[in-house]
Structures are given as structure tokens and as C-alpha cells.
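Hi everyone, thanks for coming. Let me put the structure up and then walk you through a few spots in it.

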Amino acid sequence: MRCFPIFQYGARKLGDFSYSSGYQHGLKAHGRAEHYGFNRGTTIYFAVDYDATSEEITSNILPYFNGVRSALASPAVTWRAGAAT
């Protein structure tokens, strides 16, 4: 059986998405992945659980994922970010 991790903390409205919230979610996802024993290098998927407009994607969603990637790219963290929409 195969399993893939999806991390979602809120992610249901525009206010849930910013660079800083993405960074914090990346750190939380890292902690949970370690807790559950996922192998390093595993892709962790992050959700956008509402219909974002083009403007919202540019203004909030992309910065959010940049924050996630920054958190997961730190030397002590070896997970990869993926998007689940």
C-alpha cells in the first residue's frame, strides 16, 4: 500500500494564504512528517481548498507556496513541497 502526505491547515479562504503563513505551514508539515515517520525526500502536498481567482493566485497563493518551499528548503529539512488543488 502506498501513502502520500497532504498538509492542510485552514486553506479555505484568501486570508489563510501569505508568505509567512506558508513558511509556518512548511515548518509544521516538516514536524508532522517526522512524527509520522515519512522518509526524507518525500513530497508533502499542500492544498488550496477554494476557488481562487487569478488575482488571488498572484497576490496570495504563489507567495504562500514560496513560503512553504523556503521552510522546506532549510538545511535541517529535507522534504519537498507539492500542490494539491
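Let's start with Asp16, which counts as buried because its relative accessibility is 15%; buried means under 20% relative accessible area, exposed over 50%, and partly exposed in between, with a 1.4 Å probe and protein chains only. Before I go on, this is a predicted model: local features need pLDDT of at least 70, side-chain atom pairs count only at pLDDT 80 or more, and totals for chains, interfaces and linings use all residues. Residues are numbered from 1 along each chain as its sequence is written, and side-chain values use heavy atoms, with hydrogens and water left out.

So where is Asp16? You'll find Asp16 in the loop between strand 1 (6-7) and helix 1 (19-36). Helices (H or I, at least four residues) and strands (E, at least two) are DSSP runs, numbered from the N terminus. If we skip neighbours within four places in sequence, the contacts of Asp16 are Gly10, Ala11, Ser21, His25 and Tyr64, where contact means heavy atoms within 4.5 Å.

Asp16 also has a charged partner: its side chain meets that of Lys13 in a salt bridge, 3.0 Å from N to O. The rule there is a side-chain nitrogen of Lys or Arg within 4 Å of a carboxyl oxygen of Asp or Glu. How many salt bridges does a search of the whole structure find? Two. Glu34 and Arg40 make one as well, at 2.9 Å, and Glu34 counts as partly exposed, because its relative accessibility is 41%.

Now the rings. Rings of Phe, Tyr and Trp (its six-membered ring) pair if their centres lie within 6.5 Å; planes under 30 degrees apart count as stacked, over 60 as edge-to-face and the rest as tilted. By this rule the count is six aromatic pairs. One of them is Phe17 with Tyr50, a tilted pair, 6.2 Å centre to centre with 35° between the planes. Phe17 sits in the loop between strand 1 and helix 1, and Tyr50 in the loop between strand 2 (43-47) and helix 2, so this pair ties together parts 33 residues apart in sequence. Phe17 and Tyr64 have ring centres 4.9 Å apart and planes at 80°, so that pair is edge-to-face. Tyr64 is in helix 2, and the link spans 47 residues. Both Phe17 and Tyr64 are buried.
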